[in-house]
Amino acid sequence: MSIGVIVFPGSNCDRDVQWATEGCLGLSTRRVWHEETDLSSFDAIVLPGGFSYGDYLRCGAIARFAPALQSLIDFAARGGRVLGICNGFQVLTELGLLPGALTRNRDLHFICEDTPLKVVSQRSAWMQGYSDGGGTLTLPIAHGEGRYQCSDDTLKQLQDEDAIALSYGNNPNGSVADIAGITNPSGNVLGLMPHPERACDPATGGTDGRRMLEALLG
């Protein structure tokens, strides 16, 4: 397996992801500058957290035009696994690979804390590792614009397609239907606001995110 981590100006979690995938899971991982267009050597792509292009205009709005992301559309269409974490989730919605939008948190504060989560759907490979333990986990969040919003029709479509992957146990940001992460209809693209890469190494705390990243092994 070979993992590509796309790096934008302002990304700050790319090394965290690489440590989780390469240091903890032993997966060959390379950071990919946003101007690169050839993704053919990778089995999976991760869009990391941070502040792509300084989050000017709105989170992910500029990153969606990066040359690497134009190639990512084709990569995902061919069934390649794509994981968008925090800012990466925001980018995926701006790019149109996932529906909805991420907006300012309900109380307009940046939130940085561990949060309880529930696995809503195990339809995709990303969540199949959580079949035991009641499908609950705890992951860190760190965002100011993590409030997931969508139309009523889109929400119904997500529910009908069993595409809501994760929900908050305490809804810290006001997301509609407590949504913390969603997949595309095919299940190969996952976007979520919590950080599984920060819960992978026992040396830094919990390991609840490890099983999600292990889906990259499939």
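Is arginine 31 buried, partly exposed or exposed? Arginine 31 has a relative accessibility of 31%, so it counts as partly exposed; buried means under 20% relative accessible area, exposed means over 50%, and partly exposed lies in between, with a 1.4 Å probe and protein chains only.

## Basis of the report

This is a predicted model, in which local features need pLDDT of at least 70, side-chain atom pairs count only at pLDDT 80 or more, and totals for chains, interfaces and linings use all residues. Residues are numbered from 1 along each chain as its sequence is written, and side-chain values use heavy atoms, with hydrogens and water left out.

## Salt bridges

A search of the whole structure gives seven salt bridges, each being a side-chain nitrogen of Lys or Arg within 4 Å of a carboxyl oxygen of Asp or Glu. Side chains of opposite charge can pair when their charged atoms come close. One of the bridges joins arginine 31 to aspartate 14, with an N to O distance of 3.7 Å. This pair links distant parts of the chain, 17 residues apart: arginine 31 lies in strand E2 (residues 28-33) and aspartate 14 in helix H1 (residues 14-24). Helices (H or I, at least four residues) and strands (E, at least two) are DSSP runs, numbered from the N terminus. Aspartate 14 counts as buried because its relative accessibility is 8%.

Lysine 156 and aspartate 160 form another salt bridge, with their closest N and O atoms 2.7 Å apart. These two residues are four apart in helix H4 (residues 152-160), so about one helical turn separates them. Lysine 156 is partly exposed at 47%, and aspartate 160 is exposed at 55%. Arginine 210 and glutamate 214 also meet through their side chains in a salt bridge, at 3.6 Å from N to O. Arginine 210 is partly exposed at 25%, as is glutamate 214 at 31%.

## Helices H2 and H3

The axes of helix H2 (residues 67-77) and helix H3 (residues 87-95) come within 12 Å and cross at roughly 75°. Axes here are lines fitted to C-alpha atoms, for helices over the stretch in contact, and angles run from 0 to 180 degrees between N-to-C directions.

H2 contributes Leu69, Gln70, Leu72 and Ile73 to the contact, and H3 contributes Val91, Leu92 and Leu95; contact means heavy atoms within 4.5 Å. Of these residues, six are nonpolar, one is polar and none is charged. Ala, Val, Leu, Ile, Met, Phe, Trp, Tyr, Cys and Pro count as nonpolar, Asp, Glu, Lys and Arg as charged, and the others, Gly among them, as polar.

## The nonpolar core

The largest nonpolar core has 66 residues. Such a core is a set of buried Ala, Val, Leu, Ile, Met, Phe, Trp, Tyr and Cys residues joined through side-chain atoms within 4.5 Å. The largest share of this core, five residues, comes from H2. Leu47, Leu69, Leu72, Met127, Leu166 and Met212 have the most contacts inside the core. Beyond its neighbours within four places in sequence, leucine 166 is in contact with residues including Leu117, Met127, Leu137, Leu192 and Met212.
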